[in-house]
Amino acid sequence: MPRTRSLAWSELKIGIMAVAALALTAMLVIAVGGASGFTWERYGLKTNFQDVQGLKSGAIVRIAGVEVGKVTKVELKGDGVEVGLSIKKENQSRVTSGSRASIGSISLLGEPLIDVSAAPGGTPLKEGDTIQSVKPPVQFSDVAASANEGITAATGLLKDIRGGKGTVGKLVTDDELYHDLTALADSINQVTASINKGKGTLGKLTNDPHAYDELNASLANLRQMTDRINAGEGSLGKLLKDDALAKSLSAASANFEQASGRMNRGDNTFGKLLTEKELYDRLNGSVNRLDQTLKNLNDGQGTAGQLLHNKEMYDNMNAAANELKGLIADIRRDPKKYLNVKVSIF
């Protein structure tokens, strides 16, 4: 029968110390290499995203840029992705109902991580609660997509220009339009040269100090006139500033409106002339008869017409008038010759 060898205390002591050293080493590695700390120092939360952009389990969790935990799981759930987080309990007062989770990165091209905003004023989240997520402001993929769209649009624009579409395209491909623009530029140069030489009104205004002084004096006079009007001087100034004149004009306007109303109602002669057809017809008939009488006179009808057109009748009447005038003169000179009064007594 083989002989059994017993372990010495010194050997057992060495084994116990080796195991303790290995355990201590493992704990130090976990404490130093893992920011999440030990299991009893962490608590779990979760959040949801539509697109995690390559986020993996083990990614860093930061609060205000400081690493406080790790991503424990990334799995599809429904139409989105659920992300599990393990965070140190010492930060529980900072991760509250007001906190928001977003996907960030260490650098522009670095691996994604989870950024959690600190919100000390809210209600602290407990084990298993969900942090509301927000879409990151700008991602490199979004910038690349926008740049791709811009390049596509620029390529299409260049094709349109080469095809002669639009104003720029016609300018590039249409020789006639190019010549027209060249002629326009030449005309502008000629006008500019004329102005510099003092030709024309604008040229004189630019180069002739006397013309500038006259224009400046005119502007000064206009300013002075405006100041006088604002001060209430002159008729226009009084019209703007004098309340009595404004009231007079208002009264005159009211009187005119009242007179217009009376005429429209037919209260006076002019109003009846406007509104009563009988009076208008009578007046129109009188005017027609006056026109007919004047026409007859012009045609030589009647005594008055003959008197206007018949010279012989005019001469006879003139001669009769002269004879009557001579007879009256003779009677005044010798009334006894023409007046013989006899008185008889029976």
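Modeller: Glu82 lies in strand E4 (residues 80-88). Helices (H or I, at least four residues) and strands (E, at least two) are DSSP runs, numbered from the N terminus. This is a predicted model, in which local features need pLDDT of at least 70 and side-chain atom pairs count only at pLDDT 80 or more, while totals for chains, interfaces and linings use all residues. Residues are numbered from 1 along each chain as its sequence is written, and side-chain values use heavy atoms, with hydrogens and water left out.

Biologist: Is Glu82 buried or exposed?

Modeller: Buried means under 20% relative accessible area, exposed over 50%, and partly exposed in between (1.4 Å probe, protein chains only). Glu82 counts as buried because its relative accessible area is 6%. In the protein as a whole, 17% of the 346 residues are buried.

Biologist: Which residues does Glu82 touch?

Modeller: A contact means heavy atoms within 4.5 Å. Leaving aside residues up to four places away in sequence, Glu82 touches Lys46, Thr47, Asn48, Lys73, Val74, Glu75 and Lys77. As a further point of reference, the C-alpha atoms of Glu82 and Asp51 are separated by 9.9 Å, and these two residues are 31 residues apart along the chain. Across the protein, residues 24 or more positions apart account for 49% of the contacts with a separation of 6 or more.

Biologist: With which residue does Glu82 form a salt bridge?

Modeller: A salt bridge is a side-chain nitrogen of Lys or Arg within 4 Å of a carboxyl oxygen of Asp or Glu. Glu82 forms one with Lys73, where the closest N and O atoms are 3.1 Å apart. Lys73 also forms a salt bridge with Glu75, at 3.6 Å between the closest N and O atoms. Lys73 counts as partly exposed because its relative accessible area is 33%, and Glu75 is likewise partly exposed, at 34%. Lys73, Glu75, Lys77 and Glu82 are linked in a network of salt bridges.

Biologist: How many salt bridges does the structure hold?

Modeller: The structure holds six. One of them joins Asp115 to Arg62, with the closest N and O atoms 3.0 Å apart. This pair links distant parts of the chain, for Asp115 is in strand E6 (residues 112-116) and Arg62 in strand E2 (residues 60-63), 53 residues apart.

Biologist: In what order do the strands close into a barrel?

Modeller: Two strands pair if DSSP finds at least two bridges between them. Here seven strands close into a barrel in the order E1-E4-E3-E2-E6-E5-E7, and the pairing is mixed. From one strand to the next, the twist averages 40°. Strands E5 (residues 100-105) and E7 (residues 130-133) run parallel and are joined by two bridges. Ala101 stands opposite Ser133 in E7.

Biologist: At what angle do helix H5 and helix H6 pack?

Modeller: Axes are lines fitted to C-alpha atoms, for helices over the stretch in contact, and angles run from 0 to 180 degrees between N-to-C directions. Helix H5 (residues 200-207) and helix H6 (residues 209-230) pack at about 95°, their axes being 5 Å apart. H5 and H6 are therefore roughly perpendicular, a term for angles of 65 to 115 degrees. Lys204, Leu205 and Asn207 of H5 make the contact with Pro209, Ala211, Tyr212 and Leu215 of H6.

Biologist: How many helices and strands are there in the protein?

Modeller: The protein has 13 helices and seven strands.

Definitions and conventions:
Angles under 35 degrees count as roughly parallel, over 145 as roughly antiparallel, 65 to 115 as roughly perpendicular and the rest as oblique.
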